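This report describes selected strands, helices and aromatic pairs of one protein model. The sequence and the structure are shown first.

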Amino acid sequence: MRYISSDYIIPVSRPPVQDGVVILEGENVIDVVNRESIGDVPTEHYQGFILPGFINTHCHLELSHMSGLTQTGKKLIPFISDVVKFREFDHESIRAAIAKQDSRMYKSGIQAVGDISNKVDTFDQKLKSKIRYYTFVEMFDFMQDSLFEATVEKYRSVFSALKLKEGDGKSLVPHAPYSVSPGLFQFINKANPDNRIISIHNQETTDEISLFVDGSGGFKAFFEGFGFSMDFFQPTGKSSLYYALQHMKAGCKTLFVHNTLTSKKDIEAVENWSDKSYWVTCPNANLYIENRLPDYSAFLNQSSRMTIGTDSIMSNWQLSIWEEIKTIKKFQSYVPLKNLIEWATINGAKALGFDKEMGSIEKGKSPGLVHVDTTWRGEETNIQNSASSRII
(Lines give C-alpha, C1' and ligand atoms only; values in the text may rest on other atoms or scores of the structure.)
Protein backbone atom coordinates (compact mmCIF):
# COMPACT_ATOMS: atom_id res chain seq x y z
CA MET A 1 0.00 0.00 0.00
CA ARG A 2 1.03 3.58 -0.63
CA TYR A 3 -0.37 6.54 1.31
CA ILE A 4 -0.11 9.94 -0.38
CA SER A 5 -1.33 12.94 1.60
CA SER A 6 -1.79 16.63 0.93
CA ASP A 7 -3.26 19.71 2.52
CA TYR A 8 -6.20 19.07 0.22
CA ILE A 9 -7.18 16.23 -2.08
CA ILE A 10 -9.47 17.31 -4.96
CA PRO A 11 -11.18 14.05 -6.00
CA VAL A 12 -13.50 15.90 -8.49
CA SER A 13 -16.22 13.29 -7.90
CA ARG A 14 -16.82 14.66 -4.39
CA PRO A 15 -15.96 17.82 -2.42
CA PRO A 16 -12.30 18.55 -1.56
CA VAL A 17 -10.90 16.57 1.38
CA GLN A 18 -8.86 18.64 3.82
CA ASP A 19 -5.81 16.83 5.24
CA GLY A 20 -6.67 14.08 2.80
CA VAL A 21 -4.93 10.82 1.99
CA VAL A 22 -5.13 8.78 -1.21
CA ILE A 23 -4.60 5.09 -0.48
CA LEU A 24 -3.14 3.25 -3.45
CA GLU A 25 -2.25 -0.26 -4.43
CA GLY A 26 0.12 0.16 -7.33
CA GLU A 27 -1.57 2.91 -9.36
CA ASN A 28 -5.10 1.86 -8.34
CA VAL A 29 -7.06 3.98 -5.89
CA ILE A 30 -8.26 2.03 -2.86
CA ASP A 31 -9.81 4.98 -1.03
CA VAL A 32 -9.66 8.71 -0.29
CA VAL A 33 -9.81 9.42 3.45
CA ASN A 34 -9.06 12.04 6.08
CA ARG A 35 -5.58 11.85 7.65
CA GLU A 36 -7.00 11.21 11.11
CA SER A 37 -8.72 8.01 9.98
CA ILE A 38 -5.45 6.16 9.32
CA GLY A 39 -3.81 6.84 12.68
CA ASP A 40 -0.02 6.72 12.78
CA VAL A 41 0.47 5.28 9.29
CA PRO A 42 3.27 7.31 7.62
CA THR A 43 2.37 9.16 4.43
CA GLU A 44 4.15 10.86 1.53
CA HIS A 45 3.02 14.43 2.09
CA TYR A 46 2.73 17.21 -0.51
CA GLN A 47 2.03 20.80 0.45
CA GLY A 48 -0.65 22.38 -1.72
CA PHE A 49 -3.25 20.10 -3.29
CA ILE A 50 -3.57 16.95 -5.37
CA LEU A 51 -5.73 16.45 -8.45
CA PRO A 52 -6.41 13.50 -10.75
CA GLY A 53 -4.34 13.36 -13.95
CA PHE A 54 -5.36 15.83 -16.66
CA ILE A 55 -7.04 14.94 -19.94
CA ASN A 56 -5.80 16.84 -23.00
CA THR A 57 -8.64 16.50 -25.50
CA HIS A 58 -6.93 18.20 -28.45
CA CYS A 59 -3.30 17.98 -29.50
CA HIS A 60 -1.24 17.75 -32.70
CA LEU A 61 1.71 15.75 -31.39
CA GLU A 62 3.08 15.18 -34.91
CA LEU A 63 3.90 18.91 -35.17
CA SER A 64 6.29 18.71 -32.21
CA HIS A 65 9.35 19.39 -34.36
CA MET A 66 7.89 22.77 -35.42
CA SER A 67 8.14 24.56 -32.08
CA GLY A 68 8.74 28.30 -32.54
CA LEU A 69 8.63 28.21 -36.34
CA THR A 70 5.66 30.54 -36.69
CA GLN A 71 5.09 33.96 -35.16
CA THR A 72 2.29 34.69 -32.73
CA GLY A 73 -0.82 36.63 -33.74
CA LYS A 74 -0.56 35.89 -37.48
CA LYS A 75 -4.15 34.52 -37.72
CA LEU A 76 -5.18 31.06 -38.82
CA ILE A 77 -4.61 31.13 -42.60
CA PRO A 78 -0.95 32.28 -42.34
CA PHE A 79 -0.49 29.74 -39.56
CA ILE A 80 -1.79 26.90 -41.77
CA SER A 81 0.53 28.11 -44.52
CA ASP A 82 3.45 27.82 -42.11
CA VAL A 83 2.38 24.28 -41.17
CA VAL A 84 2.54 23.31 -44.84
CA LYS A 85 5.79 25.22 -45.41
CA PHE A 86 7.76 23.90 -42.44
CA ARG A 87 6.29 20.43 -41.99
CA GLU A 88 8.96 18.31 -43.70
CA PHE A 89 11.99 17.58 -41.51
CA ASP A 90 14.32 14.61 -41.31
CA HIS A 91 12.64 11.63 -39.72
CA GLU A 92 14.95 11.38 -36.72
CA SER A 93 14.34 15.02 -35.74
CA ILE A 94 10.59 14.44 -35.95
CA ARG A 95 10.74 11.27 -33.83
CA ALA A 96 12.95 12.91 -31.19
CA ALA A 97 10.66 15.95 -30.89
CA ILE A 98 7.56 13.75 -30.58
CA ALA A 99 9.16 11.68 -27.80
CA LYS A 100 10.24 14.86 -25.99
CA GLN A 101 6.76 16.42 -25.98
CA ASP A 102 5.08 13.13 -25.05
CA SER A 103 7.40 12.91 -22.04
CA ARG A 104 6.82 16.54 -21.08
CA MET A 105 3.05 16.11 -21.21
CA TYR A 106 3.27 13.06 -18.97
CA LYS A 107 5.52 14.80 -16.42
CA SER A 108 3.15 17.80 -16.29
CA GLY A 109 0.35 15.46 -15.24
CA ILE A 110 -1.44 14.68 -18.51
CA GLN A 111 -2.95 11.21 -18.29
CA ALA A 112 -4.68 10.94 -21.67
CA VAL A 113 -4.65 12.80 -24.98
CA GLY A 114 -7.03 13.18 -27.91
CA ASP A 115 -4.46 13.54 -30.68
CA ILE A 116 -4.83 14.58 -34.31
CA SER A 117 -2.81 12.61 -36.87
CA ASN A 118 -2.48 13.27 -40.58
CA LYS A 119 0.60 11.04 -40.87
CA VAL A 120 2.11 8.01 -39.12
CA ASP A 121 4.91 9.89 -37.36
CA THR A 122 3.53 9.58 -33.81
CA PHE A 123 2.45 5.95 -33.98
CA ASP A 124 5.61 4.28 -32.64
CA GLN A 125 5.78 6.67 -29.68
CA LYS A 126 2.12 6.10 -28.81
CA LEU A 127 2.68 2.35 -28.54
CA LYS A 128 5.30 2.82 -25.83
CA SER A 129 3.94 5.97 -24.18
CA LYS A 130 2.70 6.04 -20.58
CA ILE A 131 -0.11 8.30 -21.83
CA ARG A 132 -3.43 6.88 -23.03
CA TYR A 133 -4.17 8.12 -26.57
CA TYR A 134 -7.32 8.42 -28.63
CA THR A 135 -6.06 9.18 -32.14
CA PHE A 136 -8.16 11.13 -34.61
CA VAL A 137 -6.93 10.34 -38.12
CA GLU A 138 -7.92 13.62 -39.72
CA MET A 139 -9.14 13.80 -43.32
CA PHE A 140 -9.49 16.76 -45.68
CA ASP A 141 -9.94 17.18 -49.44
CA PHE A 142 -10.08 21.01 -49.73
CA MET A 143 -13.78 20.53 -50.62
CA GLN A 144 -12.63 19.17 -54.02
CA ASP A 145 -14.62 16.21 -55.35
CA SER A 146 -11.70 15.39 -57.65
CA LEU A 147 -9.53 14.62 -54.62
CA PHE A 148 -12.01 12.29 -52.92
CA GLU A 149 -10.61 8.92 -54.01
CA ALA A 150 -6.97 9.86 -53.37
CA THR A 151 -7.90 11.30 -49.97
CA VAL A 152 -9.75 8.14 -48.92
CA GLU A 153 -6.90 5.90 -50.07
CA LYS A 154 -4.30 7.99 -48.25
CA TYR A 155 -6.07 8.14 -44.92
CA ARG A 156 -7.27 4.56 -44.97
CA SER A 157 -3.59 3.69 -45.16
CA VAL A 158 -2.72 5.93 -42.20
CA PHE A 159 -5.64 4.55 -40.17
CA SER A 160 -4.62 0.94 -40.86
CA ALA A 161 -1.01 1.67 -39.87
CA LEU A 162 -2.04 2.78 -36.36
CA LYS A 163 -1.70 -0.14 -33.94
CA LEU A 164 -3.26 0.43 -30.55
CA LYS A 165 -1.89 -0.43 -27.13
CA GLU A 166 -4.43 -1.62 -24.59
CA GLY A 167 -7.00 1.06 -23.83
CA ASP A 168 -6.22 3.37 -26.77
CA GLY A 169 -8.71 4.23 -29.52
CA LYS A 170 -8.93 5.69 -33.02
CA SER A 171 -11.38 7.22 -35.49
CA LEU A 172 -11.44 8.76 -38.95
CA VAL A 173 -12.54 12.38 -38.58
CA PRO A 174 -13.08 15.55 -40.64
CA HIS A 175 -10.56 18.38 -40.31
CA ALA A 176 -12.87 21.43 -40.48
CA PRO A 177 -15.98 22.62 -42.32
CA TYR A 178 -13.94 24.67 -44.79
CA SER A 179 -11.76 21.71 -45.83
CA VAL A 180 -14.18 18.76 -46.14
CA SER A 181 -16.57 18.09 -49.02
CA PRO A 182 -20.07 16.62 -48.53
CA GLY A 183 -18.83 13.39 -50.11
CA LEU A 184 -15.96 13.06 -47.66
CA PHE A 185 -18.27 13.79 -44.73
CA GLN A 186 -20.49 10.97 -45.99
CA PHE A 187 -17.54 8.58 -46.20
CA ILE A 188 -16.47 9.44 -42.64
CA ASN A 189 -20.01 8.88 -41.37
CA LYS A 190 -20.15 5.41 -42.93
CA ALA A 191 -16.63 4.51 -41.78
CA ASN A 192 -17.34 5.18 -38.10
CA PRO A 193 -19.76 3.11 -36.01
CA ASP A 194 -21.68 5.04 -33.36
CA ASN A 195 -19.24 4.07 -30.60
CA ARG A 196 -16.42 5.97 -32.32
CA ILE A 197 -15.57 9.54 -31.30
CA ILE A 198 -15.43 12.40 -33.78
CA SER A 199 -13.37 15.59 -33.58
CA ILE A 200 -13.71 18.65 -35.81
CA HIS A 201 -12.10 22.12 -35.75
CA ASN A 202 -14.86 24.70 -35.40
CA GLN A 203 -15.30 28.48 -35.82
CA GLU A 204 -11.68 29.31 -35.21
CA THR A 205 -11.34 32.45 -37.34
CA THR A 206 -13.48 35.13 -38.99
CA ASP A 207 -12.32 33.94 -42.44
CA GLU A 208 -14.04 30.61 -41.80
CA ILE A 209 -17.30 32.29 -40.85
CA SER A 210 -17.17 34.72 -43.80
CA LEU A 211 -16.59 31.96 -46.35
CA PHE A 212 -19.89 30.31 -45.49
CA VAL A 213 -21.94 33.42 -44.79
CA ASP A 214 -21.19 35.38 -47.97
CA GLY A 215 -18.13 33.89 -49.68
CA SER A 216 -15.72 36.57 -48.48
CA GLY A 217 -12.57 36.21 -46.36
CA GLY A 218 -9.23 34.67 -47.18
CA PHE A 219 -9.98 31.00 -47.70
CA LYS A 220 -10.81 31.18 -51.42
CA ALA A 221 -7.46 32.80 -52.18
CA PHE A 222 -5.77 30.31 -49.85
CA PHE A 223 -7.18 27.32 -51.74
CA GLU A 224 -6.47 28.92 -55.09
CA GLY A 225 -2.85 29.27 -53.99
CA PHE A 226 -2.73 25.46 -53.92
CA GLY A 227 -4.30 25.30 -57.38
CA PHE A 228 -7.84 24.50 -56.21
CA SER A 229 -10.73 26.42 -57.73
CA MET A 230 -13.57 27.47 -55.45
CA ASP A 231 -15.84 28.66 -58.26
CA PHE A 232 -18.32 25.90 -57.41
CA PHE A 233 -18.74 26.99 -53.80
CA GLN A 234 -22.05 28.58 -52.84
CA PRO A 235 -22.24 30.44 -49.50
CA THR A 236 -24.96 29.17 -47.18
CA GLY A 237 -25.74 32.43 -45.41
CA LYS A 238 -24.93 30.73 -42.10
CA SER A 239 -21.79 30.12 -40.09
CA SER A 240 -19.53 27.17 -40.94
CA LEU A 241 -20.85 25.19 -37.97
CA TYR A 242 -24.22 24.65 -39.65
CA TYR A 243 -22.60 23.16 -42.75
CA ALA A 244 -20.84 20.66 -40.47
CA LEU A 245 -24.03 19.81 -38.58
CA GLN A 246 -25.81 19.24 -41.88
CA HIS A 247 -23.26 16.64 -42.97
CA MET A 248 -22.18 14.88 -39.74
CA LYS A 249 -24.20 12.20 -37.98
CA ALA A 250 -25.46 12.92 -34.49
CA GLY A 251 -25.08 9.31 -33.32
CA CYS A 252 -21.35 9.66 -32.63
CA LYS A 253 -19.90 11.50 -29.66
CA THR A 254 -18.51 14.68 -31.24
CA LEU A 255 -15.82 17.09 -30.02
CA PHE A 256 -16.04 20.62 -31.41
CA VAL A 257 -12.57 22.17 -31.11
CA HIS A 258 -11.49 25.81 -30.53
CA ASN A 259 -14.93 27.53 -30.86
CA THR A 260 -13.26 30.93 -30.71
CA LEU A 261 -16.25 32.62 -32.38
CA THR A 262 -19.02 30.31 -31.16
CA SER A 263 -22.14 32.11 -29.95
CA LYS A 264 -24.97 31.22 -27.58
CA LYS A 265 -27.15 30.48 -30.61
CA ASP A 266 -24.51 28.14 -32.04
CA ILE A 267 -24.23 26.30 -28.74
CA GLU A 268 -27.99 25.83 -28.63
CA ALA A 269 -27.95 24.46 -32.19
CA VAL A 270 -25.31 21.87 -31.32
CA GLU A 271 -27.01 20.84 -28.08
CA ASN A 272 -30.28 20.38 -29.99
CA TRP A 273 -28.47 18.42 -32.72
CA SER A 274 -26.98 15.89 -30.29
CA ASP A 275 -26.75 15.19 -26.58
CA LYS A 276 -23.34 13.57 -27.25
CA SER A 277 -21.55 16.82 -28.06
CA TYR A 278 -18.49 18.14 -26.22
CA TRP A 279 -16.64 21.45 -26.56
CA VAL A 280 -12.84 21.68 -26.52
CA THR A 281 -11.14 24.95 -25.68
CA CYS A 282 -7.43 25.54 -26.33
CA PRO A 283 -6.93 29.02 -24.86
CA ASN A 284 -3.18 29.40 -25.30
CA ALA A 285 -3.38 28.30 -28.94
CA ASN A 286 -6.23 30.75 -29.52
CA LEU A 287 -4.04 33.53 -28.15
CA TYR A 288 -0.98 32.32 -30.06
CA ILE A 289 -2.76 32.21 -33.43
CA GLU A 290 -5.75 34.57 -33.30
CA ASN A 291 -4.94 36.67 -30.22
CA ARG A 292 -8.43 36.14 -28.82
CA LEU A 293 -10.35 33.78 -26.56
CA PRO A 294 -13.84 32.28 -26.75
CA ASP A 295 -16.65 33.83 -24.74
CA TYR A 296 -16.72 31.28 -21.93
CA SER A 297 -19.78 32.86 -20.36
CA ALA A 298 -21.91 31.54 -23.24
CA PHE A 299 -20.78 27.98 -22.50
CA LEU A 300 -21.25 28.37 -18.75
CA ASN A 301 -24.77 29.69 -19.23
CA GLN A 302 -25.64 26.68 -21.39
CA SER A 303 -24.08 24.20 -18.93
CA SER A 304 -22.09 22.87 -21.88
CA ARG A 305 -19.82 19.84 -21.63
CA MET A 306 -16.50 21.68 -21.78
CA THR A 307 -13.04 20.13 -22.01
CA ILE A 308 -9.51 21.52 -22.43
CA GLY A 309 -6.81 20.91 -25.05
CA THR A 310 -3.36 22.28 -25.79
CA ASP A 311 -3.21 22.15 -29.60
CA SER A 312 0.39 21.74 -30.82
CA ILE A 313 3.72 23.03 -29.53
CA MET A 314 3.85 24.96 -32.82
CA SER A 315 0.86 27.00 -31.60
CA ASN A 316 1.64 27.07 -27.88
CA TRP A 317 4.43 27.83 -25.45
CA GLN A 318 4.10 24.46 -23.69
CA LEU A 319 1.78 21.44 -23.66
CA SER A 320 0.36 21.71 -20.15
CA ILE A 321 -3.30 21.57 -19.17
CA TRP A 322 -2.57 23.39 -15.90
CA GLU A 323 -1.12 26.29 -17.89
CA GLU A 324 -4.32 26.37 -19.97
CA ILE A 325 -6.36 26.64 -16.76
CA LYS A 326 -4.12 29.47 -15.57
CA THR A 327 -4.63 31.33 -18.85
CA ILE A 328 -8.42 31.14 -18.62
CA LYS A 329 -8.33 32.37 -15.01
CA LYS A 330 -5.98 35.20 -15.98
CA PHE A 331 -8.08 36.60 -18.81
CA GLN A 332 -11.62 35.48 -17.91
CA SER A 333 -11.39 35.15 -14.15
CA TYR A 334 -15.16 34.80 -13.70
CA VAL A 335 -14.90 31.15 -14.81
CA PRO A 336 -15.02 29.13 -11.55
CA LEU A 337 -11.92 27.11 -10.75
CA LYS A 338 -14.18 24.18 -9.86
CA ASN A 339 -15.52 24.18 -13.42
CA LEU A 340 -12.06 24.44 -14.93
CA ILE A 341 -10.84 21.45 -12.95
CA GLU A 342 -13.86 19.45 -14.10
CA TRP A 343 -13.22 20.49 -17.72
CA ALA A 344 -9.59 19.36 -17.39
CA THR A 345 -10.32 16.00 -15.75
CA ILE A 346 -13.66 14.18 -15.66
CA ASN A 347 -15.22 15.99 -18.64
CA GLY A 348 -12.19 15.23 -20.78
CA ALA A 349 -12.20 11.61 -19.67
CA LYS A 350 -15.87 11.29 -20.60
CA ALA A 351 -15.26 12.98 -23.96
CA LEU A 352 -12.56 10.43 -24.88
CA GLY A 353 -14.38 7.47 -23.33
CA PHE A 354 -11.78 6.97 -20.59
CA ASP A 355 -13.90 7.91 -17.55
CA LYS A 356 -14.11 4.37 -16.12
CA GLU A 357 -10.36 4.45 -15.49
CA MET A 358 -9.49 8.12 -14.98
CA GLY A 359 -10.78 11.68 -14.60
CA SER A 360 -11.46 11.53 -10.85
CA ILE A 361 -9.81 10.10 -7.73
CA GLU A 362 -12.21 7.27 -6.91
CA LYS A 363 -11.99 3.71 -5.69
CA GLY A 364 -11.20 1.36 -8.56
CA LYS A 365 -9.74 4.00 -10.88
CA SER A 366 -6.13 4.57 -11.94
CA PRO A 367 -6.33 8.29 -12.67
CA GLY A 368 -2.77 9.36 -11.97
CA LEU A 369 -2.10 11.98 -9.30
CA VAL A 370 -0.96 15.54 -9.94
CA HIS A 371 0.51 17.90 -7.36
CA VAL A 372 -0.12 21.66 -7.55
CA ASP A 373 2.23 23.68 -5.34
CA THR A 374 -0.05 26.37 -3.99
CA THR A 375 -2.49 26.70 -1.09
CA TRP A 376 -6.04 25.56 -1.80
CA ARG A 377 -8.60 28.22 -0.88
CA GLY A 378 -11.50 27.10 -3.03
CA GLU A 379 -12.52 29.75 -5.53
CA GLU A 380 -10.08 32.17 -3.90
CA THR A 381 -7.08 29.98 -4.76
CA ASN A 382 -4.29 31.99 -6.37
CA ILE A 383 -2.96 29.77 -9.14
CA GLN A 384 -0.97 32.19 -11.30
CA ASN A 385 2.43 31.42 -9.75
CA SER A 386 1.75 27.70 -9.32
CA ALA A 387 3.01 24.70 -11.27
CA SER A 388 1.74 21.16 -11.72
CA SER A 389 3.82 17.99 -11.58
CA ARG A 390 3.06 14.30 -11.68
CA ILE A 391 3.24 12.19 -8.52
CA ILE A 392 2.16 8.93 -10.16
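S5 counts as buried because its relative accessibility is 3%, where buried means under 20% relative accessible area, exposed over 50% and partly exposed in between (1.4 Å probe, protein chains only). The model is predicted, and local features need pLDDT of at least 70, side-chain atom pairs count only at pLDDT 80 or more, and totals for chains, interfaces and linings use all residues. Residues are numbered from 1 along each chain as its sequence is written, and side-chain values use heavy atoms, with hydrogens and water left out.

S5 belongs to strand β1 (residues 2-9). Helices (H or I, at least four residues) and strands (E, at least two) are DSSP runs, numbered from the N terminus. Apart from neighbours within four places in sequence, S5 is in contact (heavy atoms within 4.5 Å) with G20, V21, T43, E44, H45, Y46 and I50. One of these residues, H45 in β4, stands opposite S5. Strands β1 and β4 (residues 44-52) pair in the parallel sense over five bridges; two strands pair if DSSP finds at least two bridges between them. Strand β4 is also joined by four bridges to strand β13 (residues 369-372), and these two run antiparallel. Here L51 has V370 of β13 as its bridge partner.

**Strand β11 and the crossover**

How many residues of strand β11 are buried? Five of the five residues in β11 (residues 277-281) are buried, and the strand is mostly covered. In a regular strand the side chains alternate between the two faces of the sheet. In β11, S277, W279 and T281 point one way, while Y278 and V280 point the other way.

Strand β11 pairs in the parallel sense with strand β10 (residues 253-258) over four bridges, and T254 has S277 of β11 as its bridge partner. From β10 the chain crosses through helix α9 (residues 264-273) to β11, and this β-α-β crossover is right-handed. The term applies if, with the strands pointing away from the viewer, the path from the first strand over the helix to the second runs clockwise. Strand β11 also pairs in the parallel sense with strand β12 (residues 306-308), over three bridges. In β12, M306 is the bridge partner of W279.

**Aromatic pairs**

A pair of aromatic rings is described by the distance of the centres and the angle of the planes. Rings of Phe, Tyr and Trp (its six-membered ring) pair if their centres lie within 6.5 Å; planes under 30 degrees apart count as stacked, over 60 as edge-to-face and the rest as tilted. The structure holds 23 aromatic pairs, including the following.

| Pair | Distance of ring centres | Angle of planes | Type |
|---|---|---|---|
| F185 and Y243 | 5.7 Å | 70° | edge-to-face |
| F256 and W273 | 6.0 Å | 75° | edge-to-face |

F185 lies in helix α5 (residues 182-191) and Y243 in helix α8 (residues 240-247), so their pair ties together parts that are 58 residues apart in sequence. The pair of F256 in strand β10 and W273 in helix α9 also links distant parts of the chain, 17 residues apart. F256 is buried because its relative accessibility is 1%, and W273 is buried with a relative accessible area of 19%.

One aromatic cluster is formed by F140, F142, Y155, Y178, F219, F222, F223, F226 and F228. R132 lies over the face of F354, 4.8 Å from the ring centre, and the charged end of K170 sits over the ring of F159, 4.2 Å from its centre.

Which residues does Y243 touch, not counting residues up to four places away in sequence? Y243 touches M143, P177, V180, S181, P182, F185 and F212. The side chain of Y243 also reaches the backbone oxygen of V180 at 2.7 Å. Y243 is buried, with a relative accessible area of 7%.

In α5, the buried residues are L184, F185, F187, I188 and N189. These buried residues pack against β7 (132-139), α4 (148-161), β8 (169-174), β9 (197-202) and α8.

Conventions:
Lys NZ or Arg CZ within 6 Å of the ring centre and 35° of its normal. Polar contact = N/O pair within 3.5 Å; in protein donor to acceptor, adjacent residues only side chain to side chain.
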